[in-house]
Each structure stands twice: as structure tokens, then as C-alpha cells.
Amino acid sequence: MNLYERIPNNVNLSEDKKLQRALEKWLPNYLDWWNEMGPDGFQQKDVYLRTAISVEPDGWANFDFVKMPDYRWGIFLKPAEPDAKIGFGDNYGQPVYQEVPGEFRNALRRIIVTQGDTEPASVEQQRELGKTCPSLYDLRNLFQVNVEEGRHLWAMVYLLQRYFGRDGRDEADALLERRSGNPDKPRILEAFNQPCDDWLNFFCFTMFTDRDGKYQLSALAESGFEPLARTCQFMLTEEAHHMFVGDTGINRTVKRTAQLMNQGDVRELGGIPLDIIQRYINFWFSYSLDLFGGEISSNSADFFAAGLKGRYKEQEQYDDHLAADQIFDMKVVEDNQMKDSEVPLRNALNEVLRGEYVKDCEKGLARWNKSLADEGRSERLFLPNNRFHRHVGEYAGHYFDVEGNLISKEEFERRSAEWLPSVEDREYVRSLMHPVTEPGKIANWIAPPATGIKGKPFEFEYVRL
Ligand SMILES: [Fe+2]
Ligand SMILES: [Fe+2]
């Protein structure tokens, strides 16, 4: 079969000679990267995976057994709307950009590279997790997330190669050269350099960090650069499952912990104590908040003005798509005190998007707390304040407790083991991570899922080992 027929796509790849030449060079490097940095130890196993082979409702979720290196990574854009217009900013109502507008070229490339860099990074972070899977169902979900993050890399590489010429091709190569957590060539964003070496980390990552992805993609899905908008719109269909994996993974862990609390000492019974789960939430939530960028940002204003990056559900949620003269109230630190500050709305759009994200995360917390209540427990999990443990933006360089009160560095350091996973916490969680690979069996620290995948029961052999 011809290479371009093997790559499912709706971008007319078999006719596009320039794109073919770019992909021909990149594809072998991608496969090398996948074999070197993709899931370790399972590359030759048959996995029950969904593959997108077209953008039609019956085409984007085809389930079958596939070996991961044979996964058909494809290039898909949501079909175009006729006569699409830029939906916000200074060029509101003008026709969408079909090619990269010269004056926004650098900004757009930076947006695409930054998004693209997160996709292979997460595969690298999750590389070793298969070896300690709590069940075959979970193992399959991990691999589904991994192959789709690989496809998301393709999606961004397509944009770079198709629309950015030579420097786009160089950026596409560089996406395969950086490595998560490598001090010499790290991934661009810090959350993507954090180790993700146990399953509680994985669930927190897919709950909180993939969810950042959802909001970034949603804002880019509004973009006036139409190929980017349509690419992100399709990626969002896949992203939903990643967040489902995280949300339900934490929920099942919480449920099991609650059951063990009802029986006695959670540690003695081999579960994950609730306070450790809370510290993992604090860690991943705060790192994921950083991904939205500074609270006050001239980039966010420029991207919005240019029509490149909109707000979450820009068309559905807002009437005023110019956002020109409005003011956003936020708290800033001045002279070591909290002060109210008024910021032009366009400069506060990172914070606006972050606010949407936080609302979404809170729904997860409500579900987990319902599981605690259902098991008869009165304890509750919570999200720390947005200012807690931040490394980017207005609150970076200052210290806050989980309620958002400004505290001294000394107090933060003294109490940090209360709020963030300690080395002992991580070692304890790791000590529970033993592989369970018999169909229908599950590790002791987590509850089984309510249902299986694609109508199959939990007992189904999702990965043939
Ligand atoms: Fe992704
Ligand atoms: Fe994802």
C-alpha cells in the first residue's frame, strides 16, 4: 500500500507533493522516537484501540486490536464551514485566514510549537507506567491516550509543515528532539517535565494537565487561522477520553480508599490514604494552572486582537467579541500585600481561560466527594486556591497556603509536606504499584470501573500479553 494511503487523512495528502516530501523525512524519525520513547515493553502486544480513520461520526472511533507501532496515525481537520469569519478581536467579521498572515507568523508558530511540544512530552512521561498497570482495562486506556497524543503531535506537525515552510519543518524536527525532564533539552512547559511514574500521577495528569489541553485547544478552536481552528476542533473529540481516564481513575481510587477507611487503617490495608491523594491533587492542579500563562499578559491581548486565540466558547458564551474597553478585577501582590487591581480584559484573558478551567475541575472534585459520601465518609477533597504553589505569573515568587493566604517562605517550607507530595508519599504510592494483568482482576488500591470500553465488560482481555 502507498504510504499516503496508509495515513488516514482528510487533507488531500496523496495530491500534496510538498507535504509528502516533508512527511517522508519526518515519519521515520517519528517512528524512531515512538520506538525509543513510547510505552516501554508493550510495543509488540495487541491492544484494543480506537483509531480515527475519518472525521465522520462513524469513522473517528474504530475499535480493533492493533500493535502500537502499527497504529494509523492520521491527519484530520474538522470539515470547513463555508464563508467562515474571524469570530473576535480587531478583525472581527473579516474572512478567516487560510494561510498564515505574515505579521502573525511568529506568534502563530510559537502557539503551535508550544501546543505540539506537550503531546510527545506526555508520552515520554508515561513511558514506564504499563509495567505497573492496575488492570488490563487501565493498561489499554494508557495506551489509547499515548497513541492519540502521538496523533496530536502529527496534527501540529501537519500545520508546521504545511503552513510554515522551512522553519516549520525545522520546528517539526525539534519536537522529536526535546525530551521530558532532560536538563539539556527539556520540554517547553514545566508540567511536561515532571515525572509521571505512578498511576496516581497518571490519573492526576490526565485529569488536570490534559484538561488544560482541552481549554487551550478550545481557545485555539476559535482561531481565525482556520486550519488551526479545524485541527483543534477534531483533537478535542479525542481529548475527552483522556480526561475521562483521569477523572474516573481518581474517582475509583477515592472510592477504594473510602472503602478501606471503613475497614480500618488504609495503609495497613494497602490503599492510598486520602491525604496523599489530596497532596497529589495540589501538585498537579497548581502545575496545570501555570500552563495558562501569566495572569496579566500582553501576549494574550495580542493573540486576541489578532484573532488567533479566542475565549472558551467565544461564540456561545459572549455577545461582545471585541472585549476592548472592559476591565477585569484581580488580586496582585504589591509590597508583600494583596491588592486589588484592575486589568484591561484583553490582558487578562489567560486568567479568564484559567477561570473556566477551574470551574471544570471543581466538577471533578464534586464527583469524587460524592463517592466519599456514597461510602458513608464525611471527609472531603478540595482544590487549593489558584495562588498556591505557582511558578508562572503574578503569584510566582510569593508563597501562599492552600487557602490563598500570603505567607512567608519559611512558613511555606515548614508546612510543604502538609500540602505537596513528599518523597515518602511518592515512595509509598510507588510501593503499591504492582502489575495486575489477569483479565477481570484489579489492584487492591483502586476500585474497578463502572463499565468497560465500547460495550465490552471489565473482564475483557483489552491487551493480549
Ligand atoms: Fe493531546
Ligand atoms: Fe490528551
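**Close-up views of a predicted model**

View 1. Distant parts of the chain are linked here: Glu 149 belongs to helix H4 (residues 136-163), while His 242, 93 residues away, belongs to helix H7 (residues 226-263).

**View 2. The protein donors of the iron ion (ligand 2).** Four residues supply donor atoms at 1.8 to 2.2 Å from the ion: Glu 149 (OE), Asp 210 (OD), Glu 239 (OE) and His 242 (ND1). Along the sequence these donor residues follow the spacing E-x60-D-x28-E-x2-H. The angles subtended by the four donor atoms run from 89 to 173 degrees, so the arrangement is irregular. His 242 has a relative accessible area of 0% and is buried.

**View 3. Lys 214 and its contacts.** Lys 214 is part of helix H6 (residues 199-220). Its relative accessibility is 18%, so Lys 214 counts as buried, given the cut-off of under 20%. Leaving aside residues up to four places away in sequence, Lys 214 touches Leu 236, Glu 239, Met 243, Tyr 312 and Asp 360.

**View 4. Helix H8 (residues 274-290).** Of the 17 residues of H8, 16 are buried, so the helix is largely enclosed by the rest of the structure. At 1.5 Å a residue, H8 should span 24 Å, which agrees with the 25 Å between its end C-alpha atoms.

How values were computed: Residues are numbered from 1 along each chain as its sequence is written. Chains are lettered from A and ligands numbered from 1 in the order in which they are written. This is a predicted model: local features need pLDDT of at least 70, side-chain atom pairs count only at pLDDT 80 or more; totals for chains, interfaces and linings use all residues. Side-chain values use heavy atoms; hydrogens and water are left out. Helices (H or I, at least four residues) and strands (E, at least two) are DSSP runs, numbered from the N terminus. Buried means under 20% relative accessible area, exposed over 50%, partly exposed in between (1.4 Å probe, protein chains only). Contact means heavy atoms within 4.5 Å. The expected span of a helix is 1.5 Å times one less than its number of residues. Donors are N, O and S atoms within 2.8 Å of the metal (3.2 Å for Na, K and Ca); water is not among the atoms, so sites may look incomplete. Four donors count as tetrahedral if all angles lie between 85 and 135 degrees; four count as square planar and six as octahedral if opposite donors are over 155 degrees apart and all others between 65 and 115; anything else is irregular.
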